[in-house]
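This report is meant for a reader who has not seen the structure before. Please look over the sequence and the model below before reading on.

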Amino acid sequence: MLFTILRSILRQARRQPLYLALNVLGLGLGMAVCLVLTLQVRYEYSFNATIPDAAHVLRLDSHLMFPGSAPQEYADVPFIAFPFLRTDFPQIVDTTRYETEDYQLHNGDRSISADAAMVDPSFFNVIALPLEHGDPRSALSRPDAIVLSADTAQALFGTTDVLGRTLTTDHEGHRSSQTVTGVLARASGPVTIAPDALTPFPSDEMQKPQFTRWGSSSGNIFLHLRSEADRTAIARNLTRFVIDHASGTANDDSSEGVHPERRFALSLVSLRETHFNDLHVVGGDDATDRSVVNILALIGALALLLAVLNAINLATARSGLRAREVAIRKTLGATRKALFVQFVGEAIASTAIGGALALALCEIALPFLLCVVLLTGLACGIYPALVLSSYQPAHVLAATRMPSGGRGATRLRNGLVIVQFAFAVAFAICTLVVNRQAHFMQSQDLGFARDGILISSDIMTSDIAKQRAILEALRHTPGVVSASLSELTPNIDNRHRFNVTPVGPHREDIHVLGDTVVGDYATTYRPRMLAGRWFDNSHGEDDSPGDDAFHKSPGKTWNVVLNRTAVSRLGFASPESAIGTPLKSGPVTLRVIGVMEDMRFVSARDDVSPQITFNSTAALDYPHASVRFSGVPENIMKTRLKSAWDPVFPDDPTSFRTVQDRMSTFYITEQRRGWLFSIASGIAIFIACLGLYGLASFTALRRTHEVGIRKALGATTHNVLTLMLGDFLRPVLLACIMAAFPALFVMRSWLSGFHQRIALSWLDFAVVVLVTLLIAALTVLGQTLRLARAEPARALRAE
Amino acid sequence: MLIELSHIQRLYRSDEVETTALHDIELQIEKGEFVAIMGPSGCGKSTLLNILGTIDRPTGGSYRFGEHELTAMNEAELAKFRREHLGYVFQSFNLIDELTIEENIELALIYRNMPKAERQSRVSHAMDHVGIAHRARHYPSQLSGGQQQRAAIARAIVGEPSLILADEPTGNLDTENGAQVMDILQRLNDEGATIIMVTHSPSHADLARRRIDMLDGQVVVSVRNAI
């Protein structure tokens with residue numbers, strides 16, 4: 001049987017190389033895409049899977065809620081909560097705190113920088129990372145203990161067998177000698193908890209103010225539970241926990257005030273979930289967008305499905321050609337079962353050749369290949385084998401024409417073409433919309449003149465002399481038009497928020513984002529003024545004092561500029577009506593002198609916060625320097641700015657980046673998604689076209705006689721061409737219509753996640769349909785033209 | 001004179017061989033004639049019929065049809081000529097499997113851009129004429145050979161052609177069905193249709209008004225039957 005199958009495949013290769021090539025190419029491509037994406041998806045879903053009982057190891061996350069702002073989730077929580085957890089929740093098996101810090105590790109003349117985690121001695125009871133050397137029960141019990149990762153041990157000592165060896169640690173200028181009490185085994189899968197070293201918290205660490213106050217972000221707290229039910233029980237009582245322990249008076253700095261539950265909440269996230277969950281969690285793990293991973297899985301499955309449909313389509317279209325072979329085999333005594341096995345065997349053999357191609361395309365996928373080949377081969381072969389093995393030999397041998405399979409087979413083949421193209425068109429619509437949105441996000445109006453601006457990293461000093469020095473140095477750099485310092489810049493990394501209240505009855509607090517600027521900010525960013533004016537140094541009240549002085553200036557009035565969102569949230573009817581209006585922030589009065597358009601420093605996914613901008617002569621809080629330049633190429637300007645920067649901050653080098661560069665992280669996900677959709681639609685359309693081309697080849701063969709009849713009845717080449725193109729393109733058009741609605745629905749729902757988004761248009765659909773029809777028409781044009789030009793007398797003899 | 005063939009020649013050339021299918025054919029056919037062409041296999045009967053039906057082109061000579069010189073026409077003009085003047089009946093019926101009998105018959109009119117209502121009326125009339133109306137909605141595979149051939153005749157006459165070409169119309173039929181088909185052709189001829197039929201059956205050839213015998217690509221005998 002195997003010999004028969006191989007001989008049959010070889011015969012196909014010799015006599016119908018096009019069919020075999022289309023089949024193998026389609027299957028190979030489909031399997032390769034499926035295998036590569038399956039491996040990638042499996043990787044993404046297997047984060048922390050190697051950590052024992054990771055599903056029941058939970059991280060306590062905090063949520064801060066401010067009026068006028070969306071709640072924000074943080075992976076860090078105040079450590080002040082730690083001791084109460086065990087007492088309030090008896091379901092907890094064990095807990096540990098976890099705070100990563102930069103350490104310098106020294107062993108003689110070998111030194112390395114390490115990302116070390118300070119933990120409690122109970123760490124291994126909670127997160128049972130396997131040890132290559134050492135006992136997890138005692139590894140962190142000594143105050144001077146340190147557990148190294150295998151790589152760190154190797155780098156420091158040249159070996160991982162280093163139990164009992166000592167090394168010197170340097171943390172925040174504090175040097176100490178520590179003894180290696182364990183070496184972590186190399187993780188056998190992807191993990192989010194992979195410190196270079198683990199060490200117990202120093203005894204004095206917990207006395208630091210950030211560990212003794214609610215509202216501070218101290219570090220992670222992990223809990224180990226027994227069951228999902230325990231998680232549910234704890235989660236249900238976390239609000240009560242916050243009320244019980246975080247309440248205090250309005251002036252109590254260590255508490256969250258009288259109603260802590262209104263601004264602070266806790267939640268639990270399992271270690272198995274953090275890789276996807278942390279996408280929008282501040283201080284979380286490096287996360288992946290689950291929807292992107294799921295799209296990858298879908299693309300993989302669809303690529304294989306399309307390849308299988310392609311193979312079935314080609315095989316059934318070709319079955320008529322093999323009818324005579326079946327008939328002869330049956331007259332010679334072959335049973336239906338034997339023929340069925342042969343045809344399925346041939347399908348698996350073709351798939352195996354495709355598998356070899358797939359292997360070449362993704363050499364790492366060997367473990368799954370056999371399984372994929374077998375399943376794909378069966379999926380491709382069963383139906384065509386059933387059709388072929390059912391032919392009645394007497395009928396086939398008596399007939400002068402090959403069996404076409406009838407209208408049922410035609411419908412099936414058209415159905416398969418519809419399914420293939422429906423997926424292809426759906427992906428194409430998504431591609432178009434995602435790429436349009438990505439482009440829109442990069443080119444949208446940001447409310448300021450984005451081109452020609454270069455921005456430094458944080459200025460890590462509050463020394464006013466230094467801040468002024470850098471401002472002057474930048475201002476006098478050739479090519480610089482203007483320079484300014486500000487706390488907020490595109491891709492905000494430092495947010496300062498506070499409450500303001502419009503003066504008047506029944507007005508509520510709103511939570512606003514504060515920015516303070518120095519220098520020629522208006523010239524640098526060119527914010528669009530909607531009403532009033534920008535700051536002017538000739539007005540005394542335009543210059544507000546620094547943060548500290550600000551709160552110590554009761555009764556004083558400072559001029560501020562609002563953005564459009566702040567005007568709206570504060571309840572003003574128009575930007576003009578806000579001008580001159582006083583606002584209260586604690587004991588200080590703010591007078592609105594101008595309203596500017598919203599300056600979008602955040603992603604298009606996020607809404608712009610209400611913002612109040614101050615002008616200050618005092619030192620700013622970790623400001624950035626921004627310059628507007630002109631007449632100089634960007635790279636030369638960057639070099640000049642660096643030359644101006646380095647003498648002022650010799651120990652704190654910076655690199656100047658453009659607005660586009662700083663905000664590019666906002667678009668990476670969408671760009672990546674657009675790229676994925678482009679690849680997916682490209683593959684889907686390619687496989688669908690392979691199928692259509694194969695189908696057109698066989699249809700041309702099968703319908704030559706029909707064309708002869710039509711021409712004998714007076715049809716012109718044009719008539720036949722129109723008919724055949726119509727027949728080929730009708731299922732494609734139907735596929736377009738079928739795909740459009742789900743694709744547009746999915747895209748509508750995806751776009752709703754953006755605060756700023758494009759409008760969906762029927763033009764998207766029309767463009768995709770036209771392009772798809774054009775591609776499909778070009779695919780079948782050659783075959784159709786040949787068919788339409790057939791000489792009628794010869795065509796009538798064709799069978 | 002409806003048809004006038006003069007020095008018609010048909011050569012088939014391949015890389016190595018040149019085959020003469022028709023050699024210097026001279027033939028005239030009057031309007032209203034019923035001509036049977038006979039001869040052994042390979043003598044050129046079907047080639048002659050194909051050339052008469054303009055689905056094959058002669059490699060030499062002249063073919064006049066009424067006022068038209070067909071050898072000078074291009075492909076589009078020939079297609080227009082076929083749909084306006086010719087009706088075909090084939091040995092293997094040549095109905096399109098995917099279309100119903102009604103649709104198969106209508107096909108000949110669709111290429112004339114005839115209004116739907118007129119097409120339906122003509123199709124209905126043609127089906128009645130050959131006794132196939134009760135099978136209008138059936139597919140060819142659901143009909144017997146005789147019924148399929150009657151449908152094919154209906155398709156040939158539905159356009160009221162000047163000439164009906166029949167290529168062994170009874171070749172795939174049993175005696176009874178063959179006789180029925182010949183009856184229909186005779187009736188059509190009596191009603192004024194010009195018919196040229198290729199046949200292997202001497203008895204069917206005798207039913208025509210004229211009989212032409214061919215041998216090795218040439219007309220060797222042309223006799224009028226006494227009817």
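## Chain B as a whole

The model described here is predicted. In chain B, the secondary structure consists of seven helices and ten strands. Chain B has 227 residues, and 54% of them count as buried.

Contacts in chain B can also be sorted by separation along the sequence. Taking those between residues at least 6 apart in sequence, 67% join residues at least 24 apart.

## The interface of chain A and chain B

How many residues of chain A are in contact with chain B? On the chain A side there are 21 residues, and they are in contact with 21 residues of chain B. Between chain A and chain B an area of about 2,100 Å² is buried, with 52% of it given by carbon and sulfur atoms.

One salt bridge is found across this interface. The salt bridge is formed by Glu75(B) and Lys711(A), whose closest N and O atoms are 2.9 Å apart. On the side of chain A that touches chain B, at least two residues each are supplied by helix 14 (406-443), helix 21 (659-712), helix 22 (717-751) and helix 24 (792-797) of chain A. Helix 21 of chain A gives the largest share of that side, with seven residues. Across the interface of chain A and chain B there are also five residue pairs in polar contact, with both residues of each pair at pLDDT 80 or more.

## Cysteines

A disulfide is a covalent bond between the sulfur atoms of two cysteines. Over all chains, the structure holds zero disulfides.

Two cysteines of chain A can be described by their accessibility. Cys34(A) has a relative accessibility of 10% and counts as buried, because the cut-off for buried is under 20%. Cys736(A), at 0% relative accessibility, also counts as buried.

## Asn220 of chain A

Where is Asn220(A) placed in chain A? Asn220(A) lies in strand 10 of chain A, which covers residues 220-224. Its relative accessible area is 12%, so Asn220(A) is buried.

A polar contact of 3.2 Å links the side chain of Asn220(A) to the side chain of Asp76(A). With neighbours within four places in sequence left aside, Asn220(A) is in contact with Asp76(A) and also with Arg59(A), Ala75(A), Phe79(A), Thr96(A), Arg97(A) and Tyr98(A).

## Two residues with positive phi in chain B

Most residues other than glycine have a negative phi. Asn94(B) is not a glycine, and its phi is positive, near 55°. Asn94(B) belongs to the loop between strand 6 (86-89) and helix 3 (101-110) of chain B. Is Asn94(B) buried or exposed? The relative accessibility of Asn94(B) is 3%, so Asn94(B) counts as buried.

Glu160(B), which is not a glycine, has a positive phi of about 50°. The loop that holds Glu160(B) runs between helix 5 (145-157) and strand 7 (163-167) of chain B. Glu160(B) has a relative accessible area of 61% and is therefore exposed, whereas Asn94(B) is buried.

Conventions. Residues are numbered from 1 along each chain as its sequence is written. Chains are lettered from A and ligands numbered from 1 in the order in which they are written. This is a predicted model: local features need pLDDT of at least 70, side-chain atom pairs count only at pLDDT 80 or more; totals for chains, interfaces and linings use all residues. Side-chain values use heavy atoms; hydrogens and water are left out. Helices (H or I, at least four residues) and strands (E, at least two) are DSSP runs, numbered from the N terminus. Buried means under 20% relative accessible area, exposed over 50%, partly exposed in between (1.4 Å probe, protein chains only). Contact means heavy atoms within 4.5 Å. A disulfide is a pair of cysteine sulfur atoms within 2.5 Å. Buried area is the accessible area (1.4 Å probe) that two parts lose on being put together, summed over both. A salt bridge is a side-chain nitrogen of Lys or Arg within 4 Å of a carboxyl oxygen of Asp or Glu. A polar contact is a pair of N or O atoms within 3.5 Å; within protein, one must be able to donate a hydrogen and the other to accept it, and residues adjacent in sequence count only if both atoms are side-chain atoms.
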